[in-house]
Amino acid sequence: MAGPVRIIHYLNQFFGGVGGEEKANAPVEAREGPVGPGRALQLALGDQGTVVATVIGGDNYVVEEQSTAVEALEDAITRFKPDVLVAGPAFDAGRYGLACALMCQAAQAKGVPSVAAMHPENTGVLTLRKELVVVSTGTELAEMQSILARVVPLAVKLGQGQELGPALEEGYLPRGFRRQVIRENTGAERAIDMVEARMAGRPFESEVFRRDFDLVQAPPPVPDLSRATLALISSGGLVPKGNPDRLESGRTTELAHKYSIAGLKEFTVEDWECIHTGFHAGIVNARDTNYVLPLRSMRELEKRGDIGEIYPLFYSTAGNGMAVRAARSIGEGIARELKEAKVDGVVLVAT
Amino acid sequence: MHLEMGTFPVKNIVFGSRTRWDDGVLELDADELLGPILAEPSIETAMLEIGKPGESTRIINYHDILEPRIKVESPAMTYPGRCGRPADTVGSGRTHRLGGMTIMTCVDDPNVWAARGWSVDQKDDVPRPGRGKPWSWQRFVDMSGSGALLPYASTNNLCLVLRPNAGLDAGNSSNILQSAILSLSDKLAETTLGLTPPEVEVFDLTEKDPSLPGVVLSCHLASQEARVGPRSAHGTAIYGVTRLSAPWVLGPTEMMDGAVTAGAAHVTWPFTNNPIMLGLARRHGKTLNFLGCIIGRTNWGAEEEMRLAGNRAAEAARLMGASGAIVTNDVRGRRFVDSISAIQAYERVGIKTVFVTEEEDNEDGNAPPFLYHPAEMVGVVSTGTGRMDPFPSVDRVIGGVDGVDPAWYLEQPYIQGRYGAAHVRDHYGIGQQSCIDY
Amino acid sequence: MIPLSVGAHRVVQGISVEHVCGEPELSVERDHDLMMRITQAALTALVTKVDAPTLFEPSDEPMKEAVHAS
């Protein structure tokens, strides 16, 4: 598509000139043309694009009155017909960053691509990383020009309906998607070049970055074990001998199987077995099945009164090569059931 | 160490009245070559077939893939320690190799390849042929088309297709299969003795330039000891030893002479033709010193054992004077943790690491590329996650003694990097495929 | 290593992949005692407040007292 791209620029109350912290509840409004840093954005765009409108929202308002804020943005989209939304830069302001993220998400839902700019650890990035195209910034206002210079090529490309290339090449933060690529050199050559660079202290680019799993808040401790119900979970492929329900030995996808241990003092090698093929289950199956789930010790502690009671069912799955999404849904399923059954704590043995 | 490697390129393999190499053509007397193999009582049937680059051919059921190499005027033997071969130290003197070809043992065992047609093994997978043996559906080589991804698509492959007797255990079976491939390899490589190699490359790693940094190649190879015992012939071996041991220190030229061999889960070819080993050897004395190879065994059960193994590898590297280490792995899952223990140990003693590895299925951005990514894993080269597109249908399939399941001729579905699913298996960076962040 | 890095908050150190809650090289009596100490470490974890992934190691000596919550 030829011609300058039409841009709506999203700013918070401060950068939009509405006011400071006291105006954080300002509702979302739309104005024609660029405002504040939008003028610098227009300059950086030259004839590649036009900032046709600026949408300004209070940081608190957008996050707390999300649906109304989104409606206001949608109205602006209908009115100004943008090709792309540019949000921020929000630097390290967390509420502003989150508001930018939400506005971008809303625009994309309406078919308008978007690009935001903020610090890589801004809440906006941490919350919606997978959905957003984000230009990384520092924390200083003085960077404004250089940030906008990096935003412009992405805004133009997106506004023209073009597909973006890899994150490092195009200058946006990796969203977490890994795609196949054929590199210029073989893996061996790249490895030798990389080790030479590392030994010489020269800069290099690793091909995989650290990525955190979702972090969950730690639940509080069990207040009184002697009155608590504890449930047992095994990811070691522990099943009744013969595997009657055909638990998969690897790459399991379904909810874990449940087996009764009511009145059972311990697992025996005659009646139970481990079918997990990711480790050599011979020892467990010959010597002591309780290695994989210590029912014998749990029962002793229950008898002594250290534990209130052991939940009469245990959950069994095999963790061998399980996809993360399967693990997540299996875990959520078990948690739901145990919560309903008013279980106080869980002992999960993994192999 | 000083090794003179003479290459006899093989541009074509043909069947004829005698076995000889002449000006790039390897002629084979099939009956003469198969005789000793058929004499082995545990082998029911054996035949030779040839898969050439560019053909619409798929080779299935491969057990081992190796390149014929032979020592010249030496009491030592290539592929030492295997199947009763002497375990004398290799890696010096002269070696001849038949370049541009491989021997593949293709094992057609109806008890193992019991499933016929298409079936689904794992609930969230698509139907695939050859379901009898776990992961069997990943072990094939396409000689042309978009699925010709492996280095063997560019080599002339002499396929020894055989059917062993039923009921052999893993160790015995491996021994028999390896004996067959090695005796064939020796016979073919022997045709070069007394001839002048058209290409010669000298690997001289004896002198070290003190102004250059030292690098080790640190490979981690799984051991099946827990399952088959310490003295089994089954699995990857160093000088014929498969057991789960402390790290081995090898000179690079020892690897070129076949000190590391495989079969079953892995194949031997990537060790003698290891591109990292060759790349480092070729830069020796120019930009670095290639100090040696540290081979770690994996499948340790306890974390302390993995840490100890990692520490020993790092201590060996430190004593050798290394400033850098290129680390590789061969099976993912828990063995990945072994490699990581080594990386952490190297970094702790100041040795800079680069980890060459495949990565897991990204699950559309929902799963991280690795099981575990510690802070020390700063330099990573990714060899990708397999193939996302299907493999086109083919006209010919090699690997069956009396024909193969028709399912193998058809288009095969994608094979990508969900843990364990591995067709490309590029552990040493031979290809350019990789993954990148979007 | 892995459970801590994935974010599991209460992690008890087991013995080995092939026998997480015991050691077959020990006599049956000492092996059962080891399993008890590992299980008790799990109970200790359940009653301990944690903010970040924390590793709990089984005690070395046989525990003379049972674990009480209060």
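**Exercise 1. Find how strand β7 (residues 178–182) of chain A pairs with β25(B), and over how many bridges.**

Solution. This is a predicted model.
- Step 1: Take the sense of the pairing. The two strands run antiparallel.
- Step 2: Count the bridges. DSSP gives 5 between β7 of chain A and β25(B).
- Step 3: Pick a facing pair. A:V181 is opposite B:S434, a residue of β25(B).

**Exercise 2. Describe the contact of chain B with chain A.**

Solution. 
- Step 1: Count both sides. Chain B puts in 55 residues and chain A 44 residues.
- Step 2: Locate the elements on the chain B side. Those with two or more residues there include α6 (275–283), β20 (352–357) and β25 (433–437) of chain B.
- Step 3: Sort that side by class. It holds 24 nonpolar, 20 polar and 11 charged residues.

**Exercise 3. Name the residues with the most contacts inside the largest nonpolar core, then trace what surrounds B:I276.**

Solution. 
- Step 1: Size the core. It has 68 residues.
- Step 2: List the residues with the most contacts inside it. They are A:A191, B:V215, B:I276, B:A317 and B:I326.
- Step 3: Find the main contributor. Helix α8 (residues 334–348) of chain B gives the most, with 7 residues.
- Step 4: Check the domains of chain B. Domain 1 (2–200) and domain 2 (205–403 + 411–416) each supply at least three residues to this core.
- Step 5: Follow B:I276, setting aside neighbours within four places in sequence. In chain A, B:I276 contacts A:A188, A:A191 and A:I192. In chain B, its contacts are B:L217, B:I326, B:V356, B:Y428 and B:G429.
- Step 6: Look for another core. A second, separate one has 60 residues, among them A:I8, A:L45, A:A87 and A:A93.

**Exercise 4. Work out which element of chain A gives the most to the side that touches chain C.**

Solution. 
- Step 1: Count the contact. It joins 32 residues of chain A to 27 residues of chain C.
- Step 2: α9 (282–286), α10 (295–304) and β13 (345–349) of chain A each supply at least two residues.
- Step 3: α10(A) gives the most, with 6 residues.
- Step 4: Classify the chain A side. It has 19 nonpolar, 6 polar and 7 charged residues.

**Exercise 5. Sketch the fold pattern of chain C.**

Solution. 
- Step 1: Count the elements. Chain C has 2 helices and 2 strands.
- Step 2: Order them along the sequence. The pattern is α-β-α-β.
- Step 3: Of the 70 residues in chain C, 36% are buried.

**Exercise 6. Give the distance between the two domains of chain A.**

Solution. 
- Step 1: Domain 1 covers 5–170 and domain 2 covers 225–349.
- Step 2: Compare their C-alpha centres. These lie 49 Å apart.

Conventions: Residues are numbered from 1 along each chain as its sequence is written. Chains are lettered from A and ligands numbered from 1 in the order in which they are written. This is a predicted model: local features need pLDDT of at least 70, side-chain atom pairs count only at pLDDT 80 or more; totals for chains, interfaces and linings use all residues. Domain bounds come from an automatic or database domain assignment. Helices (H or I, at least four residues) and strands (E, at least two) are DSSP runs, numbered from the N terminus. A residue is buried if 20 or more other C-beta atoms lie within 10 Å of its own, exposed if 12 or fewer, and partly exposed in between; C-beta atoms are placed from the backbone. Two residues are in contact if their C-beta atoms, placed from the backbone, lie within 7 Å. Ala, Val, Leu, Ile, Met, Phe, Trp, Tyr, Cys and Pro count as nonpolar, Asp, Glu, Lys and Arg as charged, and the others, Gly among them, as polar. Two strands pair if DSSP finds at least two bridges between them. A nonpolar core is a set of buried Ala, Val, Leu, Ile, Met, Phe, Trp, Tyr and Cys residues joined through C-beta atoms within 7 Å.
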